[in-house]
Amino acid sequence: VNERIARQLRELLGEAAVERTADDLPRVLPGSTEAVAATCAAAHASGWRVRVEGHGSWLPPDAPADVVISTAGLNQVTRIDAADLVATAQAGAPLARLQLALAAEGMWLPIDPPGRPRRSIGSVVATGTAGPLRHRHGPVRDQVLGCTIVTGDGRVVQAGGRVGKNVAGYDLVKLQAGGFGAFGIMTELHLRLRALPAWEMTLVAQGERDSLTLLARELRDANLDAAAIELLSPAVADHSSWVLGVRVAGTADAVWPAIERGEQLMGHGTSILTREQATPFWQTASRAMGGGMVALRFGVLPDGLDETLDLLHQRVGLGLVSAGAAEGGLRWCGESDVPTMRELRQRLAAREVPVTLERAPWRIRRITGHFGLYREGVAPLVGQLRRQFDPGDLLQVALDADDDLG
Amino acid sequence: MPATATGRALHEALAHITGPRWVRSRPGELKAFESDGLPGHRSLPGLAVLPGSRRELEAVLRLLHTAGIPFVARGAGTGLSGGALAGGHAVLVVLTRLNRILRLDPATRRAVVEPGVVNARLSEAAAPYGLHYAPDPSSQSACTIGGNVAENAGGPHCLKYGVTTNHVTALTVLLPDGSTTLLGSPSGEPWGPDLVGLFTGSEGMFGVAVEITVRLTPVPPAIRTMLAAFPTVRSASEAVSAIIAAGIVPAALEMMDQALCRAVESSIYAAGYPTDAAAVLLVEVDGQPASVEAESAAAEAILRAHGAGEVRTASTPADRARLWQGRKKAFGAMGRVTRDLLVQDAVVPRTALPGILDRIAEIGAEHRLTICNVFHAGDGNLHPNICFDARDPGESARVTRASREIMEACIAAGGTITGEHGVGSDKLPFMDLLFPAESLRMMCDVRRVFDPGGRANPGKVIPVRHCREWRAGGVT
């Protein structure tokens with residue numbers, strides 16, 4: 001069967017556009033939105049299940065499927081308009097390469113996701129995996145102005161636009177950012193840029209976890225305009241104790257006063273890292289958060305952080321933890337099982353803390369789902385929205401919990 | 001036979017829910033709801049109902065659902081897109097009585113409000129804690145947070161702080177059938193796909209938000225405002241680009257053209273703006289005192305290097321208010337020089353600003369119309385103000401043609417037809433110019449998920465020929 005499908009795809013897209021995956025599935029590497037659309041249309045017509053892969057460096061490429069669509073061939077940074085603060089990139093463009101191209105123009109995309117630098121921008125947006133910079137710059141969705149989407153049955157839909165402010169029509173971009181690919185395949189994205197900060201410094205304090213969470217809230221109340229205030233577990237910071245990293249970025253005029261004030265609050269023993277010294281510090285943390293088999297994201301506010309960490313400590317251990325200690329948000333990575341994750345979800349739901357499964361092998365995520373537990377009235381909306389974007393239910397995304405398998 | 005919005009039985013059923021005082025049906029009473037802030041669109045609703053609680057609103061929506069009657073939710077009616085207008089077949093559901101601030105938590109910097117809470121009132125309530133609600137539409141002293149959510153409203157300070165969608169973390173929504181759905185979470189983590197983001201800016205077509213959780217933002221400890229006069233619009237635009245390229249993120253970057261400054265100065269709102277300059281820029285920098293001091297000095301140097309002949313600076317609230325007065329009262333000032341004013345809204349890439357302003361001037365000349373411009377220069381969001389007399393049908397027709405040409409020019413420049421006012425009725429004809437048919441069809445399909453009957457604010461945002469019911473009818 002696989003061979004027959006591969007043959008059909010080769011006829012459709014050409015010999016070179018089809019290869020084989022390690023699990024012996026036909027994998028297409030489309031080079032254009034149209035080629036993605038043609039593949040989806042063919043899959044829809046034949047009822048082939050579709051798995052979408054980026055560079056395979058975040059979600060494991062292990063969903064059962066009949067055909068694999070890789071965005072690796074869609075890897076171009078299409079256009080950078082520095083003075084307009086907008087860039088367009090294809091979904092498969094590695095984030096690190098995009099940042100390099102932007103830096104050459106004095107620009108910056110304030111996104112620092114967990115995992116490896118070669119992660120594609122499409123992966124980062126589809127999984128909504130923000131890093132410490134979410135403190136000042138908000139979630140990933142805030143950096144996406146528009147995108148091109150191919151639906152599960154091969155239609156091409158434009159969402160949003162290419163300007164910084166836009167309320168024309170419904171905001172379909174929001175379904176894509178953090179939608180895990182359940183609402184179609186993004187092929188191209190328009191992104192909101194910032195000027196590359198002229199100055200940057202990082203303050204690092206170390207100590208007990210709860211004294212650092214307290215300190216983080218004091219720093220928040222001091223309104224330093226920090227780019228990030230992140231609490232890192234010892235394993236993430238590669239340090240003997242917990243660490244609070246405070247990243248300040250902007251003009252020299254803004255950075256210096258903030259660093260001075262921050263240092264006062266953080267007290268003796270605080271290290272000050274220059275940009276060059278801080279780069280490996282933050283990169284180490286990002287890479288560490290790509291570890292473990294499972295990554296969970298907790299929508300927790302700072303005042304609930306200690307309690308959530310205590311619960312994690314009890315149930316799964318505090319190995320790899322990175323938390324926005326001043327504005328909220330917590331990521332945990334490690335090993336866990338389905339019943340434990342289910343229990344965490346239930347217990348935290350009572351505190352209005354959503355738990356999103358960001359990364360896990362298919363055998364786990366097909367049961368727990370990326371979201372799993374919805375609030376009142378949401379599940380039917382999500383199901384019907386998915387049908388609009390994937391009428392054949394062919395995009396293999398484990399959005400919801402499968403209670404029958406539990 | 002379905003009930004109609006003017007039926008006696010419907011009036012009585014609604015009165016039974018809200019009390020008779022809160023149902024309006026006489027034309028004289030309905031006149032107040034005939035239009036919003038944009039002239040040119042008028043429509044009398046069949047009935048207006050003003051529920052006084054969430055429970056009453058829910059009962060109203062269930063009643064309308066059962067009877068199959070369309071409805072339009074409305075806040076203060078300050079919108080500028082003809083969005084909150086209802087036809088005679090529909091019931092206008094006015095939400096101004098749902099005006100309680102339900103919670104305000106300085107520790108988590110969150111507030112939960114009902115939709116009828118006036119934007120500025122939330123900031124006033126947060127002020128004792130050193131916080132405010134950042135999105136600040138020009139109508140903030142009257143417009144409601146519910147309306148802001150429906151339109152994804154912006155404002156001058158959105159350059160640094162973001163628009164409404166960046167500040168809403170959770171919503172309790174009544175779907176058009178009256179059922180409740182809980183979207184988002186206090187932290188802002190969406191708790192599933194980002195339905196809060198999808199709902200925000202849906203212009204009242206997905207349901208009614210009855211509880212809105214928003215972020216509150218610290219009031220900056222120091223603010224400095226600068227007013228700079230430029231010999232050309234181009235030099236002012238280049239100064240804007242240079243400030244942003246320098247990495248300074250001003251809280252606001254507003255531009256006014258000469259026609260607008262002259263209108264302001266000839267009005268009672270005269271703010272001492274230079275009337276001989278081609279463009280006036282307002283630049284506001286905020287943050288910690290030391291950084292404001294240094295960044296505003298840097299910004300001032302950039303302004304001067306780009307040809308600003310005059311730069312005035314203000315730091316005290318009173319002095320700053322004086323510099324802002326002309327900008328904030330621009331629409332009021334225009335009201336003194338023209339009988340009717342069409343406030344347009346469009347966005348272009350910032351570098352396209354000088355070219356688009358030349359084109360707008362040409363369009364004005366071709367159609368013999370006075371067009372003044374005030375805009376959020378930092379994000380390329382234009383507000384061309386077209387002066388006219390609505391009693392003159394010929395002139396009104398020229399305004400319509402000029403509006404279309406302005407929209408076409410902005411789209412051709414890579415922009416969009418609305419940055420913060422919404423599509424409503426006014427921009428409906430331009431949606432086809434902006435989006436391919438497949439995208440508009442998808443928007444219709446998404447809308448049907450929330451509102452299968454198509455009863456919430458019918459006929460707005462998406463031209464009806466793209467919607468399934470129309471397609472199914474075989475009319476293409």
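The sulfur of B:Cys410 lies 16 Å from the closest cysteine sulfur, that of B:Cys372, so the two are too far apart for a bond. A disulfide here is a pair of cysteine sulfur atoms within 2.5 Å. B:Cys410 is also buried, with a relative accessible area of 0%; buried means under 20% relative accessible area, with a 1.4 Å probe and protein chains only.

This is a predicted model, where local features need pLDDT of at least 70, side-chain atom pairs count only at pLDDT 80 or more, and totals for chains, interfaces and linings use all residues. Residues are numbered from 1 along each chain as its sequence is written, chains are lettered from A and ligands numbered from 1 in the order in which they are written, and side-chain values use heavy atoms, leaving out hydrogens and water.

Which cysteines does a disulfide join? B:Cys444 and B:Cys467, with 2.3 Å from S to S. The torsion about their S-S bond is about -50°, so this disulfide is left-handed. Both B:Cys444 and B:Cys467 are buried.

Next, the interface. In chain A, 59 residues are in contact (heavy atoms within 4.5 Å) with 81 residues of chain B. A:Lys165, A:Val167 and A:Tyr170 supply 16% of the area that chain A buries against chain B, more than any other three residues. Buried area is the accessible area, with a 1.4 Å probe, that two parts lose on being put together, summed over both. There are 5 salt bridges between the chains, that is, a side-chain nitrogen of Lys or Arg within 4 Å of a carboxyl oxygen of Asp or Glu. A:Lys165 forms a salt bridge with B:Glu420, at 2.8 Å between the closest N and O atoms.

Conventions: Buried means under 20% relative accessible area, exposed over 50%, partly exposed in between (1.4 Å probe, protein chains only).
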